[in-house]
Amino acid sequence: MTSLQLALPPSHLPRPYTSPPLLRLSSATSTSRWCSAVRASPPSLSFSSLPPSLHLHTHFSQGCSFIRSAWTRRSRSEAAKKPNRKSWKQRTDMYMRPFLLNVFFSKRFIHAKVMHRGTSKVISVATTNAKDLRNSLPSLTDHNACRVVGRLIAERSKEADVYALAYEPKKNERIEGKLGIVIDTIKENGVIFV
């Protein structure tokens with residue numbers, strides 16, 4: 001049988017001071033006897049091997065005391081109180097997939113750019129509103145214009161040593177039609193999507 005001795009120094013006892021109580025607890029001690037033995041002890045315990053600033057505080061609940069831990073895991077209710085805390089993916093996605101493709105379709109033009117998420121630096125830009133494309137293309141918004149924009153984005157990204165892009169579709173957005181043509185053309189020209 002193992003026994004545990006708790007010696008309480010006189011500096012942590014409530015006044016008036018009589019004598020330091022000595023508790024001898026064994027592994028066979030029942031819970032009720034242990035609770036009654038601890039109930040007679042003062043509300044704070046400290047060990048002589050610890051520095052004087054570190055104390056183990058006890059908390060009384062229904063006549064039985066237990067030692068309250070200093071660091072505890074956040075409960076779900078505490079996590080729900082802080083909804084602005086970002087998840088692991090939100091915090092690391094900027095570094096795992098740093099180059100983001102942004103495509104915008106207006107009624108008259110098609111705009112595409114690749115941006116570095118960490119520094120907000122624009123790596124490459126292609127638009128059908130540029131002078132050389134505006135005068136050479138028959139239509140600035142058809143499927144052929146989407147292929148031209150995708151090819152230009154891929155070439156200019158590779159010139160900047162960027163060979164992997166990421167695209168985050170908006171809510172309820174499908175990668176099809178003109179957007180699908182732009183992304184497929186970028187893939188065909190040697191740039192992968194992660």
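**Briefing: the β7–β8 hairpin and Thr-127**

In the hairpin formed by β7 and β8, four residues lie between the strands, and Ser-120 adopts a positive phi near 60°. This is a predicted model, in which local features need pLDDT of at least 70 and side-chain atom pairs count only at pLDDT 80 or more, whereas totals for chains, interfaces and linings use all residues. Residues are numbered from 1 along each chain as its sequence is written, and side-chain values use heavy atoms, with hydrogens and water left out.

**Strand pairing**
- Six bridges join β7 (residues 110–116) to β8 (residues 121–127) in the antiparallel sense; pairing requires at least two DSSP bridges between two strands.
- Lys-113 has Val-125 of β8 as its bridge partner.

- Thr-127 belongs to strand β8.
- Thr-127 counts as buried because its relative accessibility is 18%, the term meaning under 20% relative accessible area with a 1.4 Å probe, protein chains only.
- A polar atom of the Thr-127 side chain lies 3.2 Å from the backbone oxygen of Ile-110.
- Beyond its neighbours within four places in sequence, Thr-127 is in contact (heavy atoms within 4.5 Å) with Ile-110, His-111 and Leu-133.

**The chain as a whole**
- The protein chain contains six helices and ten strands, taken as DSSP runs numbered from the N terminus (helices H or I, at least four residues; strands E, at least two).
- Of the 194 residues in the protein chain, 28% are buried.
- Among contacts between residues at least 6 apart in sequence, 50% join residues at least 24 apart.
- The protein chain exposes about 14,100 Å², of which carbon and sulfur atoms supply 55%; accessible areas come from the Shrake-Rupley method with a 1.4 Å probe.

Definitions and conventions
Buried < 20%, exposed > 50% of the residue type's maximum accessible area, 1.4 Å probe, protein only. Polar contact = N/O pair within 3.5 Å; in protein donor to acceptor, adjacent residues only side chain to side chain.
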